[in-house]
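Please keep the sequence and the model in view while reading.

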Amino acid sequence: MRDPAEFHRAAVERLRAEVPGRAVVAASGGIDSTEAALLTQEALGDRARALFVDTGLLRAGEVERVERFFSESHLGATVVPARDRFLSALSGVVDPEEKRRRIGEAFVRVFEAEAAKFGADVLVQGTIAPDWIESGGALRDTIKTHHNVGGLPKDLALRIVEPLRDLYKDEVRLLARHLGIPDPDRQPFPGPGLAVRVSGPVTPERVEVARRANAIVEEEVERRVAAGTLPRPWQYFAVLLPVRTVGVAGDNRVYGEAVSVRIVESTDAMTATAVAAPTELLRTIAERITRDLTGRVTRVLYDVTDKPPATIEWE
Ligand code: XMP
């Protein structure tokens, strides 16, 4: 993409040609899907409806934040409550690809039901190039099936339209500035949400532990970014590991789980470097997580692996 204004004009024109009827847009509150929603609404007006699904796998305060954004941006979005559907779809599942497949399927069933109510036969998604490349679209091996690509069921009742499918993240951010989307450099958050940051079984209790640990990592990193003592990293988050480990709380032995903290630098998510985080930051994070989650989290680790050989997310 050389010129975001030209991309914007052409994308709106293409959407008008591709969608003669009504469309629903999968909006997660992230940059990619917000752009897809804005372009679609500009192209189709009342014939488009953005849907924000509350999966129960979102970060602390995220539903409220996204709702506020949608109402301020006049992007009329419908919030669809679906926590139970997602949690029961994930019950007993530990394999990361199976988690993505079940999540993809749950999303699609929600979109199909909402599309039927709205009279739409098209689903617009904010899929970008790395999503489908790493889902096996161009590389020989599938690295991860991004839930919005390979996770789609074969019997999908909606036609998929993806206005951003050729863009990389740096281009998405350029376009976000052009479209006036707030905080275009904010960190990406995966569509399957905390399900892929809870390694092992996804239970409401483990999701809550991951959510609280993640909120602490975000707060401590953002505090230093705001103070100008840390450049804003590409991504910074916590992952709950399925590892029991012994600790002490007061005079008692406790047997909790381990959390891994990940802070990486990247330009397009295709490769990434683990940040040499200041010891003071890591110690504060470890101290806060083990205090806030006493007995539940007994050990905090820092992940120093680049991508490759690791990926950014653990799953
Ligand atoms: P990985 O872990 O593959 O992540 O190095 C690359 C980038 O993609 C995000 N990610 C996802 N985004 N659905 C998404 O929408 C997914 O299934 C998914 N998996 C990873 C990840 O946060 C990073 O920015």
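A residue is called buried when its relative accessible area is under 20%, exposed when that area is over 50%, and partly exposed in between, using a 1.4 Å probe and protein chains only. The model is a predicted one, in which local features require a pLDDT of at least 70 and side-chain atom pairs count only at pLDDT 80 or more, whereas totals for chains, interfaces and linings use all residues. Residues are numbered from 1 along each chain as its sequence is written, and side-chain values use heavy atoms, with hydrogens and water left out. Helices (H or I, at least four residues) and strands (E, at least two) are DSSP runs numbered from the N terminus.

**Domains and their interface**

- The domain assignment divides the protein chain into domain 1 (4-179) and domain 2 (197-303); such bounds come from an automatic or database domain assignment.
- A distance of 28 Å separates the C-alpha centres of domain 1 and domain 2.
- The contact, defined by heavy atoms within 4.5 Å, takes 16 residues from domain 1 and 16 residues from domain 2.
- Between them, domain 1 and domain 2 bury about 1,200 Å², with 62% of it on carbon and sulfur atoms. Buried area here is the accessible area (1.4 Å probe) that two parts lose on being put together, summed over both.
- On the domain 1 side, Arg59, Leu87 and Lys99 account for 29% of the area buried against domain 2, more than any other three residues.

**Nonpolar cores**

- A nonpolar core is a set of buried Ala, Val, Leu, Ile, Met, Phe, Trp, Tyr and Cys residues joined through side-chain atoms within 4.5 Å.
- In soluble globular proteins, nonpolar side chains tend to be buried together.
- The largest nonpolar core comprises 79 residues, and those with the most contacts inside it are Leu57, Phe86, Phe111, Leu164, Val217 and Ile289.
- Helix 5 (residues 96-118) is the element that gives the most to this core, with eight residues.
- Each of domain 1 (4-179) and domain 2 (197-303) supplies at least three residues to this core.
- A second, separate core has eight residues, among them Val239, Leu241, Ala258 and Ile312.
- Leu164 has contacts, apart from neighbours within four places in sequence, with Phe7, Asp32, Glu35, Ala36, Leu39, Gly126, Thr127, Ile128, Ala129 and Leu175.

**Helix 5 and its ends**

- Helix 5 has 23 residues and spans 33 Å from its first C-alpha to its last, close to the 33 Å expected at 1.5 Å a residue. The expected span is 1.5 Å times one less than the number of residues.
- At the N-terminal end, Asp95 caps helix 5, with a side-chain oxygen 3.2 Å from the backbone nitrogen of Glu97.
- Glu114 lies in helix 5 and is buried, with a relative accessible area of 14%.
- Outside four places in sequence, Glu114 is in contact with Leu51 and Val80. The C-alpha atoms of Glu114 and Val80 are separated by 8.7 Å, although these residues are 34 residues apart along the chain.

- Lys169, Glu171, Val172, Arg173, Leu175 and Ala176 are the buried residues of helix 7 (residues 169-179).
- Helix 1 (4-18) and helix 2 (31-44) are included in what covers those buried residues.
- Gly180 follows helix 7 and has a positive phi near 75°.
- Asp183 is placed in the loop between helix 7 and helix 8 (204-227). Its phi is near 50°, a positive value in a residue other than glycine, and at 39% relative accessibility Asp183 counts as partly exposed.

**A buried aspartate**

- Asp54 belongs to strand 2 (residues 48-54) and counts as buried at 8% relative accessibility.
- Not counting residues up to four places away in sequence, Asp54 touches Val63, Val80, Pro81, Ala82 and Arg83.

**Further backbone features**

- Ala269 is not a glycine, yet has a positive phi of about 70°; Ala269 lies in the loop between strand 7 (252-265) and strand 8 (273-274).
- The peptide bond from Lys307 to Pro308 is cis, with omega near -15°, and Pro308 lies in the segment after strand 9 (297-302).
- The peptide bond from Pro308 to Pro309 is cis, with omega near 15°; Pro309 is found in the segment after strand 9.

Key:
Polar contact = N/O pair within 3.5 Å; in protein donor to acceptor, adjacent residues only side chain to side chain.
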